[in-house]
Amino acid sequence: KFEGDAIMALFGAPVPSEDHGLKGVETALAIREKMTELNASTGYKLNIRIGLATGDAIVGNMGSENRFDYTAMGDTVNTASRLEGANKFYSTRILVTEGTYEAAKGQFFMRQVDLVCLKGKDKAIRIYEVLGPLAGATEEGHKVVVEWDKALEAYRAGRFDEAEKGFRAVLATLPDDGPSKTLLGRVATLKLASLTDWDGVWKFESK
């Protein structure tokens, strides 16, 4: 379904499927791969952002006699849209909710990126980045994610010096890693603020 300059895709309806979360991730990676091929063949530098959320939604024919559409509505749909936009803050391409992560973690290489309260939401959620097929992940890739996870844990616990060191270690291996750059910037801000009530949740004020 076209939504302005975006496309919304729905999995698991109208025909139910048990692996709809998995199919969503497969599709996202296929889109990313095709975009890479398109850029290589044309010389363009086009980018995409994808947000995936797994959960309940109101799905069906909606509207009136004047405007009628088969669509999906609800918090899950809104969260997917918010995650699409959140990619720009982390310089990532594919962000997913915990439900999608659980559905696809056995076949895809992913990492937890943050604990956030998205714009317009009251509840904090864990968000994850899809890196690629699990079978294609290298030993070095796994080591970097372990290093990242340790830094993220320190960041959440308010051990900012330790977190800063960990994020810099990730950047030593992956100089263009967006999430590490983003959280390093946050650490600098949080250290200056001398927070006493830090709970590890980053609250987005924009989308």
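Here are some friendly questions and answers about how the features of this predicted model get their labels.

This is a predicted model, in which local features need pLDDT of at least 70 and side-chain atom pairs count only at pLDDT 80 or more, while totals for chains, interfaces and linings use all residues. Residues are numbered from 1 along each chain as its sequence is written, and side-chain values use heavy atoms, with hydrogens and water left out.

Q: Why is Thr182 called buried?
A: Buried means under 20% relative accessible area, exposed means over 50%, and partly exposed lies in between (1.4 Å probe, protein chains only). Thr182 has 18% relative accessibility, so it counts as buried. Its place is in helix α6.

Q: What is Thr182 in contact with, leaving aside its neighbours within four places in sequence?
A: Contact means heavy atoms within 4.5 Å. With those neighbours set aside, Thr182 is in contact with Phe89 and Tyr90.

Q: Which elements do the buried residues of α6 pack against?
A: They pack against α2 (75-90), β7 (108-117), β8 (125-133), α4 (139-157), α5 (160-173) and β9 (202-203). Among these buried residues are Leu183, Leu184, Val187 and Leu190.

Q: What makes a group of residues a nonpolar core, and how many residues has the largest one here?
A: A nonpolar core is a set of buried Ala, Val, Leu, Ile, Met, Phe, Trp, Tyr and Cys residues joined through side-chain atoms within 4.5 Å. The largest has 25 residues, and those with the most contacts inside it are Tyr90, Leu95, Ile127, Tyr155, Phe167 and Leu183. α2, β7, α4, α5 and α6 each supply at least two residues of this core. The largest share, 6 residues, comes from α4. Apart from this core lies another, of 15 residues, among them Ile48, Ile94, Val96 and Tyr128. In soluble globular proteins, nonpolar side chains tend to be buried together.

Q: Why is Leu10 called partly exposed?
A: Leu10 has 36% relative accessibility, so it counts as partly exposed. The residue lies in the loop between β2 (6-7) and α1.

Q: Where is Ser91, and why is it called exposed?
A: Ser91 lies in the loop between α2 and β6. With a relative accessible area of 54%, Ser91 is exposed. Ser91 also has a positive phi of about 55° although it is not a glycine.

Q: Which peptide bond is cis, with omega near 5°?
A: The bond from Ala13 to Pro14 is cis, with omega near 5°. Pro14 is found in the loop between β2 and α1.

Conventions: Helices (H or I, at least four residues) and strands (E, at least two) are DSSP runs, numbered from the N terminus.
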